[in-house]
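User: I am new to this structure and would like to learn how to read its features. Please take me through them in order.
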Amino acid sequence: MASWFRSMDMQYMSIIVNEDAAHSCINNMGQLGPAGQGSGVIEFTDLNEGLTPFQRRYVSHIKRCDELERRLKFFQTEIEKFGLPCMEAGSVDAFLQPSQGEIGEPSHKSGMHLLETLEVSLEKYEQQLRELNAFSEQLSEEFYMKVELQEVMINSQGLMNEVGYMTGYQSGGLADDDVESTGGMGSSLLGEGGAGLDMRFSSLTGVIPQVERARFERMLFRATRGNCFPHFMDIEQAFADPNTGQLVQKMAFVVFYKSKTIETKIKKICGAFDARLYSVPDLNDKERVRARVNENAKEMREARVILLKNRQNRLELCTVLADHVTEWTWTVLREKTIYHTLNLFKADVSGMLRAEGWVVTPYMGMVSGALTQAHKNMDDSATALLEPVPKPWPTPPTYFETNKFTYPFQEFVDTYGVPRYKEANPALFTAVTFPFLFGVMYGDIGHGFIIFLGGLMLVLSERSMENKKMDEMSAGIFSARYMFLLMGAFGVYAGIVYNDFFAIGLNWFGSEWEWKDGLDTVDGTTANMTKGCSYGDASCIYPFGVDPAWHISSNELLFFNSMKMKLSVIIGIIQMTVGICLKGLNALYFEEQLDFFFEFIPMLIFDMAFFGYMVVLIFMKWMIDWDARMYSATCNSDHDLYPKCLDGTYTTADMCPLDYGGSGDGCQPPNLITTLMNMALMPGTVDEPLYPGQAGIQVVLLLLAVACVPVILLAKPLMIRSRMNAEHGNANGSFSENPLIDEKDGYGVVVEHGNQGGGGHGEGGGHGEGGGHEEDHDFSEIVIHQAIETIEFVLGMVSNTASYLRLWALSLAHTELATVFWEKAMLSTINSGNPVAIVAGYSIFAGVTFAVLIVMDVLECFLHALRLHWVEFQNKFFKADGYKFTPLSFKRILLAA
């Protein structure tokens, strides 16, 4: 756990490699990791910050990788169209292991040759697939045109059969001799009175989308002033849109008109509405129409056969691609990562490349071995040079080794802010306290066991699920499986302490209380202890948890409120005190004497003098036998003042033998809230003391707490001013660097502002701060900074203590909701004795319990426990302005893809 309490040691190293072996070196180092995990052990820094991406050495190789990625994405799109699954390339570890043929091969064989081979293969497959796609689009277009023509001819012929035989009808537009023709449709319509008039009509036939019919018809009417007659016919078959691939319902239409000018207008309107026009034979010539229909049907069958064959060819090609596309994608990603990393190297000497980066100190041997092996594979007598960079170094990154269990807790902390290098890691404590605080709020045996089973199911199925592709939310839930397991376990534990099982008290060990009348007990009747026990008898205490008798007592809520409220305060003060102690450990580790003596010690005294004293009072009140004390202050035969006290002139203070002072002289239980308020507002006054000399002790504690405030506020700035004046000889106390910003971290690591700044909640203080830029800070700014920290701590201790009462509030809300659901949905139906009502009541009970208590309340308790750690616990010591170690790791990159 030591490597999780403080981040692992880092070394800033310089690496010089042969340019020919550089590819192989990066390939080997990208596979390194603790215990063969491949999580990476080296993070390179950019030595070419002044160069744009297009000016870097290996930009051409990256462009080639980008082109390969484009082709692979095209393949994946085509594979998805056929619904084919992409073949898995196996595990990432197996993929990264070199095959027998690759061992000992030169770098150019695994680098340039690999890219060239992939380029040739993928270019060939892309060309084949694009040719097949283009041919398919052309064939599909022709096929659908023939289908539309067939529908137009069949529907148009049906229209002519309805109207009747039309001798003067012409299809396909006006001919040059139209005006000279006589008879025709005009004769049949106008009779003999119309003899000599040319009444022959021309027509245009085509297909238009069904949704455009109304607009198309309206436009025809307006453009021709009603001098055309459109007729629309439904087409049952839907057609695929060549652009979107979606099915579109279309209609066949015939437009009759009389003028060449109208024909021109109609054609323009058809073009505007994307209507396709077809030339059909004279519809009065039935034999010719029938022959054309048969001929078109034959062409349709032939086109369909070719289309199916084309689709089969595309399917076979996509099947081949699906077997290899994942492996090709991983290969391209690995090569692209290698060349991006090589772009960070600097070519100081011809034929050699130099790099700098952070290496995890325990794995220095791995890096050295990887470099040596790469040069051996090249048959190069020269070896790589690996040596530390002379100090001062940039700010080191923060790196913790995590596993399946510790990973989610570390992510919780990193979400708030990454710890500084070598700063105490809150995640070590969060791994225990987070599920514990969740359990305190969620305490119920039944509900907690459901959460426990859910976590257990995820843990048992981790082997089958860890290599599966999951969405972001599912992956997050799966990665937190051990956390859910602990949350459920602590929920069960707290439920046993509260003795709550779906809001029912369980009589595990036999209750120590009883009502003599049993179920016939009248409300308000006092319970009696069993087995002849008396109050305070240790042998008559319920062995573990709360006695179930409290769940059916009339003062249940009062008892549980008092117990849970005090437990919340105790837990909160203990956790905040641990946070203050961690601040002291940080100060000792980084040899920050001012922080230790003038911040940590006064803060700890302030905490113990008031809040620690509150915890002591709570335990004292719990341990005192108040029945015995109150009995000693009552007028009874055992009292020395009996029977004088019977006249009623003696007060409790007069009869109490303790003589502690106050109104009860120590024989009455005090109200702790009043006691603590009077401690600050009325020093020296204690209304109901717990022990002798309490008033004087509280005055001393109050003076200690008050005295600590100016020490925290002024001592450190004054000491800083004194030191800087002594060093710089500046009587005014002005200097160019804020000493609150630590200059080193105990390892000789000096801050270099602007180099690898680490983000976070930078407060401008502490060791090794990354990022930022130098500014002049005078003494007043230091005092202001310290004043802010002092006010935040003093007021924060009060507000944070009150904030921990959410443990009591959420536990109370959970219990009361569970009680309401049980009584209203289940108990009332069980008492009715109706089986149907019982089944219905259970359905309602199960539904609302799952929705409210298993889903909503879990999320609520989860968020409140997270807040208590981020705000109340971590703000006592956690700076959170480090930056995460992001090593070169092929495994991490490929898994993210």
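User: Leaving aside its neighbours within four places in sequence, with which residues is E119 in contact?
Analyst: Contact means heavy atoms within 4.5 Å. By that criterion, and with neighbours within four places in sequence set aside, E119 touches R64, L68 and R71. E119 itself belongs to helix 6, residues 112-163; helices (H or I, at least four residues) and strands (E, at least two) are DSSP runs, numbered from the N terminus. The model is predicted, so local features need pLDDT of at least 70 and side-chain atom pairs count only at pLDDT 80 or more, while totals for chains, interfaces and linings use all residues. Residues are numbered from 1 along each chain as its sequence is written, and side-chain values use heavy atoms, with hydrogens and water left out.

User: What joins the side chains of E119 and R64?
Analyst: A polar contact is a pair of N or O atoms within 3.5 Å; within protein, one must be able to donate a hydrogen and the other to accept it, and residues adjacent in sequence count only if both atoms are side-chain atoms. Here the side chains of E119 and R64 are joined by a polar contact of 2.8 Å. The two residues are 55 residues apart in sequence, yet 8.3 Å apart in space, C-alpha to C-alpha.

User: How many salt bridges does a search of the whole structure find?
Analyst: A salt bridge is a side-chain nitrogen of Lys or Arg within 4 Å of a carboxyl oxygen of Asp or Glu. The search finds 33 of them. One of these pairs E19 with R57, with the closest N and O atoms 2.9 Å apart. This pair links distant parts of the chain, 38 residues apart: E19 is in helix 2 (residues 19-29), and R57 is in the loop between strand 2 (42-45) and helix 3 (59-81).

User: Where do R70 and E67 lie, and what separates them?
Analyst: Both are in helix 3, and because they are 3 residues apart, about one helical turn separates them.

User: Is E462 buried or exposed?
Analyst: Buried means under 20% relative accessible area, exposed over 50%, and partly exposed in between (1.4 Å probe, protein chains only). E462 has a relative accessible area of 11%, so this residue is buried. By contrast, E287 is exposed at 56%, and its salt-bridge partner R290 is partly exposed at 39%.

User: Which cysteines form a disulfide?
Analyst: A disulfide is a pair of cysteine sulfur atoms within 2.5 Å. The structure holds 1 disulfide, formed by C656 and C667 with their sulfur atoms 1.9 Å apart. C656 and C667 are 11 residues apart, both in the loop between helix 21 (652-655) and helix 22 (672-681). The torsion about their S-S bond is about 75°, so the disulfide is right-handed. C656 is buried at 6% relative accessible area, and C667 is buried at 1%.

User: How many helices and strands does the chain have?
Analyst: Its secondary structure comes to 27 helices and 10 strands. Of the 897 residues in the chain, 45% are buried. Among contacts with a separation of 6 or more, residues 24 or more positions apart account for 78%.
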